[in-house]
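I opened a new page for this structure today.

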Amino acid sequence: MIPFVDLKAQYISIKDEVDAAVAGVLESTQFILGNEVKAFEEEFAHYCGADYGIAVNTGTSALHLALLANGIGPGDEVITVSFTFVATVAAIGYTGATPVFVDIDPVSYTLDVAQIEKAITERTKAILPVHLYGQPADMEPIMEIARRYGLAVIEDAAQAHRAEYKGRRVGSIGDLGCFSFYPGKNLGAYGEGGMVVTNNPEHARTLQMLRDWGQERRYHHVLKGYNYRMDGLQGAILRVKLRHLDAWTDARRANAERYDALLADSGIKTPTVMPYSHHVYHIYAVQAEQRDLLQQKLNEQGIQTGIHYPIPVHLQAAYSGLGYKLGDFPHSERAAGRVLSLPMHADLTSAQINTVAESLQSILQGTGI
Ligand SMILES: *Cc1c(COP(=O)(O)O)cnc(C)c1O
């Protein structure tokens, strides 16, 4: 069996370091926030090229608080994409604001910048681009439009740790950048985790309070806050893993190159790297006409794949109240029906990639999918 992700292989490769870090936290009893989390905040913010990092309990909380730090709430609108993980949209809803969707660019799968201006109204407060699959959205025109209309830009970088846009790391390009450390992400905790990074000291101060009950100091609640704190264990584990992220990212990129080469003449559509981007391949998604059949056949041959994501958010039952319908975002809908994520992680071997490519090709030839 070739697994889609392999968290066990990764753990074994860093077991001694992780076990020592965990033991350190148990000894210190700093189970919530504490020195390890503080050190991780500094190291990860620095890694992203940002001045401040505010660690939280999930990527969703990071998005929620980043929106709140900009004063976004009921009556406001936030422009984002429908072709994303539901959390992007849920976080906007948590503030009471309304998500306003624009379509994706069908080549990059990220927000189509040509669609932004006609979605702007006097209620628009922010643009929330998603660096989907580990490829940055086209940030320069997004920042230009945002500045012109006085909008905040919050990056959903949950899938894009260490990705670069024109040589700059994502997360530090917009006003705030939000990361997830869900176990399967490129930098994953052993539990839940998230972080907001920013260069804005006022936002940093607000976020530090919001994640911990809005306290300025203990029991002095100046904001209506949340319990969104990061665990000490996660901070310590993530510090260890951050030291390996460059190597793991290089391995993902090499694996993607190998897939690209092996699938070049297969007739299947492989990912396109935009000229401005350093792609970190959280997901390696191909496109196929008969995607579901292809997935089933690969599964029969012991190859696990995924679909990210089969239903765009504007067509999800939970969001029917937003009033969108089939046909509103054709590129998002088309991608949702065709994308298939192949096994991708740093510990994938060349032999495994060869097997996946060979199986794919033999299925395509044998069935005419
Ligand atoms: C994973 C993810 C999130 C949410 O992160 P959690 O840590 O699971 O809350 C948000 N946006 C995108 C695009 C994601 O992939």
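**Entry 1: the model.** I am working from a predicted model.

**Entry 2: α2 and α8.** I began with helix α2, residues 15–28, and helix α8, residues 232–242. Their axes come within 9 Å. I read a crossing angle of roughly 150 degrees. Angles over 145 degrees count as roughly antiparallel, so α2 is roughly antiparallel to α8. The crossing of α2 past α8 is right-handed. Next I listed who makes the contact. From α2 I noted Glu17, Val18, Ala21, Val22, Val25 and Leu26. From α8 I noted Gly232, Leu233, Ala236, Ile237 and Val240. I sorted the residues of this contact by type: nine are nonpolar, one is polar and one is charged.

**Entry 3: α4 and α7.** Next I looked up helix α4, residues 59–69, and helix α7, residues 201–210. Here the axes come within 10 Å and cross at roughly 125 degrees. Roughly parallel, perpendicular or oblique? The two helices, α4 and α7, are oblique to each other. I noted a right-handed crossing for α4 and α7. On the α4 side, the contact uses Leu65, Ala66, Leu68 and Ala69. On the α7 side, His203, Thr206, Leu207 and Leu210 take part. The contact of α4 with α7 holds six nonpolar residues, two polar ones and no charged ones.

**Entry 4: the core.** I then turned to the largest nonpolar core, which has 34 residues. Which residues have the most contacts inside it? I wrote down Phe83, Tyr109, Ile116, Tyr133 and Met139. Strands β2 (77–81) and β3 (98–102) each supply at least two residues, and so do helices α6 (139–149) and α11 (330–338). The largest share comes from α6, with five residues.

**Entry 5: Ala50.** Last, I picked a loop residue. Where is Ala50? I found Ala50 in the loop between α3 (34–48) and β1 (52–56). Is Ala50 buried or exposed? Its relative accessibility is 7%, and buried means under 20%, so Ala50 counts as buried. I then looked for its contacts, leaving aside neighbours within four places in sequence. Ala50 is in contact with Ala45, Ser172, Val197, Thr198 and Asn199. I also checked Ala50 against Asn200: they are 150 residues apart in sequence. In space, C-alpha to C-alpha, Ala50 and Asn200 are 9.1 Å apart.

Terms used. Residues are numbered from 1 along each chain as its sequence is written. This is a predicted model: local features need pLDDT of at least 70, side-chain atom pairs count only at pLDDT 80 or more; totals for chains, interfaces and linings use all residues. Side-chain values use heavy atoms; hydrogens and water are left out. Axes are lines fitted to C-alpha atoms, for helices over the stretch in contact, and angles run from 0 to 180 degrees between N-to-C directions. Helices (H or I, at least four residues) and strands (E, at least two) are DSSP runs, numbered from the N terminus. Angles under 35 degrees count as roughly parallel, over 145 as roughly antiparallel, 65 to 115 as roughly perpendicular and the rest as oblique. A crossing is left-handed if the near helix is turned anticlockwise from the far one by less than a right angle, and right-handed if clockwise. Contact means heavy atoms within 4.5 Å. Ala, Val, Leu, Ile, Met, Phe, Trp, Tyr, Cys and Pro count as nonpolar, Asp, Glu, Lys and Arg as charged, and the others, Gly among them, as polar. A nonpolar core is a set of buried Ala, Val, Leu, Ile, Met, Phe, Trp, Tyr and Cys residues joined through side-chain atoms within 4.5 Å. Buried means under 20% relative accessible area, exposed over 50%, partly exposed in between (1.4 Å probe, protein chains only).
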